[in-house]
Amino acid sequence: MRRKVTLKDIARELDVSISTVSKALKNSSEIGRDTRDKIQAFARLYNYKPNNIAVSLKNKRTRNIGVIIPDIVHHFFTTVFRGIEKYANSLGYNVIVCVSDESFDKEVINTELLANGSIDGFIIALSAETQEKQDYRHLNEVTDQGIPVVLFDRVTEEIPCDKVIIDDEAAAMEAVEFLIQSGKRRIAFFTTAHKLGVSEKRGKGYRKALAKHGIPFCEDLVLELPFQFEEEQLSRSFFKKQSFDAVLSVNEIFAIRGMRLASELGYNIPGDISFIGFTDGILSKYAVPGLTAIAQHGEQMGETAARMLIGKIENEYDETDAGNYRTEIIQASLVKRDST
């Protein structure tokens, strides 16, 4: 049985965008006559039939929102989802969540699955692999189809859409300055081995705070850890080789692991080593000692993202209105506990 031909198949075969195919099949005057004739002839040859569900997306709302998050381990993404769902449900929208598991391929599959008529719009935090590859074609195809997208936390300027973030650089700078004012001078930085945008911005804030107070940046005090499934050998080696009196961590999991290892090695917290981590989650609150944390206010971020997306949906989103995109910045805050 012959496989059903899709808009994407036609676009790939004729080396044009999905948007061009869609407009040509609607006989749009925006597309040149030769291109229209070629696309329409190809569609007839392969008996292309439009996906009625997908077509209805432009004319009739599903009242479903698709959310794609990188993982479910970090408490931050759970709180963002809670904010999205709470706001969306209050307006009669349902939320469908998928987990990319930091995988580019899974992010692409999830996007294509939900974009096929299941949802009215997307709220997405980019996976680690997507940011590493810097390949955003799947998301540009979504916006080309007229489906609105809001990116949160992990964002890129390569996608024309609304975004919700915190000022990661300023938040990291505030945390390091607090440590310096507490008398700390050898401040380590625990970050991700993957070049995540948020990690790089937090690293920039860390370095700027050191420079502001005349403390030289030391590459040896930067520990890069795998995003998941660390065997702790890297951390143990770091603790044994380096001398430091404080740690800024890009997430609370790295910070909690560091505190546990420091305790095992006989260090006093915060007397010998102070710790601060991003994300004021459950681990931060119930760790012993409690972890001083940079609260990203995930629920507020989720609510803001949902408000922006539903606003686009209900005001008949126009993907050509590039000047109407905006970035909302959620104010982070430092929650002080016994680790400092």
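## Helices and overall build of a predicted chain

Helix H5 spans residues 75-90, a run of 16 residues, and extends 23 Å from its first C-alpha to its last, close to the 22 Å expected at 1.5 Å a residue. The model is a predicted one. Just after H5, Gly-92 adopts a positive phi of about 85°.

Helix H3 can be described in the same terms. It covers residues 33-45 and reaches 18 Å between its first and last C-alpha, close to the 18 Å expected at 1.5 Å a residue. Its buried residues are Arg-36, Ile-39, Gln-40, Phe-42 and Ala-43. Viewed down the axis of H3, these buried residues fall within an arc of 160°, and therefore line one face of the helix. An α-helix has 3.6 residues a turn, so residues three or four places apart point the same way. The buried residues of H3 pack against helix H1 (7-14) and helix H2 (18-25). On the other side of H3, Asp-34, Arg-44 and Leu-45 are exposed. Just after H3, Asn-47 takes a positive phi of about 55°.

| Helix | Residues | Number of residues | Span, first to last C-alpha | Expected span |
|---|---|---|---|---|
| H3 | 33-45 | 13 residues | 18 Å | 18 Å |
| H5 | 75-90 | 16 residues | 23 Å | 22 Å |

A further position of interest is Lys-208, which is placed in helix H10 (residues 197-212). Lys-208 counts as partly exposed because its relative accessibility is 40%, a value between the 20% limit for buried and the 50% limit for exposed residues. Apart from its neighbours within four places in sequence, Lys-208 is in contact with Glu-169 and Met-173. The C-alpha atoms of Lys-208 and Asn-140 are separated by 34 Å, the two residues being 68 residues apart along the chain.

For the chain as a whole, there are 14 helices and 12 strands. Along the principal axes, the C-alpha atoms fill a box of roughly 75 × 40 × 40 Å. Of the 340 residues, 53% are buried. Among contacts with a separation of 6 or more, 73% join residues 24 or more positions apart. The accessible surface comes to about 16300 Å², with 48% belonging to carbon and sulfur atoms. The chain carries 44 positive and 49 negative side chains, and the centres of these two sets lie 3 Å apart.

How values were computed: Residues are numbered from 1 along each chain as its sequence is written. This is a predicted model: local features need pLDDT of at least 70, side-chain atom pairs count only at pLDDT 80 or more; totals for chains, interfaces and linings use all residues. Side-chain values use heavy atoms; hydrogens and water are left out. Helices (H or I, at least four residues) and strands (E, at least two) are DSSP runs, numbered from the N terminus. Buried means under 20% relative accessible area, exposed over 50%, partly exposed in between (1.4 Å probe, protein chains only). Contact means heavy atoms within 4.5 Å. Accessible areas come from the Shrake-Rupley method with a 1.4 Å probe; for residues, only the protein chains shown count as cover. Lys and Arg count as positive and Asp and Glu as negative; His and the chain ends are not counted. The place of a charge is taken as NZ of Lys, CZ of Arg, CG of Asp or CD of Glu. The expected span of a helix is 1.5 Å times one less than its number of residues. The arc is that of the directions from the helix axis to the C-beta atoms.
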